[in-house]
Amino acid sequence: MATISTGAPRYTKVAIWLHWAIGLAVLVNIGLAMLTEDLPRETHRAAMATHKALGIAILGLTLLRILWRLGHKPPPLPAATPAWQRPLSKLVHFLFYALLILLPLSGWVWMSAADRPIDFFGLFTMPSIVSPSKSLADTLHERHELLGLMILGLAAIHILAALKHQFFDRTGLIGRMNPF
């Protein structure tokens, strides 16, 4: 593990890169879904094509992140971290990984059930993973949107907690994931 100038342990460069790439991709994808609904049909369709491809990329990056984490232990929390925050931190990370898998998978299954292929940035088409089914597509549409709202809420909590630790508690926690 590398250290920051204060001697605090940091995540590996690969973990940091994956963290920020996934985080930014999730925020862009939520923006594409939420901010383009009222745009002209063709503009919305183009945004949704990017949304779908980016969702598959997020799934791949998340699986890579999990594999990386299995082989690279994260740095310990600062010693001053209250005992009640330690399991909460583990729970938030678990929920992020679960949502980062379930959200793109639900979109992929939804598109498969709706018989709408996912074009991965013009490189290839994702295979369908279920047979077409209108009822399944309708159900997964709702679930996918709910999961999107859940990850947005969790991201907001995560960002606010990181800022609290950095600027109010002054633990230097952000330095562990700072890419610079």
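Ala, Val, Leu, Ile, Met, Phe, Trp, Tyr, Cys and Pro count here as nonpolar, Asp, Glu, Lys and Arg as charged, and the others, Gly among them, as polar. The model is predicted, so local features need pLDDT of at least 70 and side-chain atom pairs count only at pLDDT 80 or more, while totals for chains, interfaces and linings use all residues. Residues are numbered from 1 along each chain as its sequence is written, and side-chain values use heavy atoms, with hydrogens and water left out.

**Stop 1: helix 4**

Select 134-167, which is helix 4; helices are DSSP runs (H or I, at least four residues), numbered from the N terminus. At 1.5 Å a residue, its 34 residues should span 50 Å, and the end C-alpha atoms are 49 Å apart, which agrees; the expected span is 1.5 Å times one less than the number of residues. Next, colour A137, L140, H144, L147, G148, I151, L154, A155 and H165, which are buried (under 20% relative accessible area, 1.4 Å probe, protein chains only). The cover over these buried residues includes helix 1, helix 2 and helix 3.

**Stop 2: the core**

Select V26, I58, F96, L100 and I151, the residues with the most contacts inside the largest nonpolar core, which has 30 residues. Such a core is a set of buried Ala, Val, Leu, Ile, Met, Phe, Trp, Tyr and Cys residues joined through side-chain atoms within 4.5 Å. Helix 1 (13-35), helix 2 (41-71), helix 3 (85-113) and helix 4 each supply at least two residues of the core, and the largest share, 10 residues, comes from helix 3. Centre on F96: leaving aside neighbours within four places in sequence, F96 is in contact (heavy atoms within 4.5 Å) with I151, L154, A155 and H158.

**Stop 3: the largest pocket**

The largest share of the lining, 10 residues, comes from helix 4, and the lining divides into 25 nonpolar, nine polar and four charged residues.

**Stop 4: the second largest pocket**

Move to A33, M48, H51, W110 and H144, the closest to the centre of the second largest pocket out of 29 lining residues. This pocket holds about 800 Å³ of space. Helix 1, helix 2, helix 3 and helix 4 each give two or more residues to the lining, which comprises 17 nonpolar, eight polar and four charged residues.

**Pocket criteria**

On a 1 Å grid over the protein atoms alone, a pocket is an open set of points where a 1.4 Å probe fits, with protein on both sides within 12 Å along at least five of seven lines; lining residues have an atom within 4 Å of a point. Volume is the space filled by probe spheres set on the points.

Note on methods. Buried means under 20% relative accessible area, exposed over 50%, partly exposed in between (1.4 Å probe, protein chains only).
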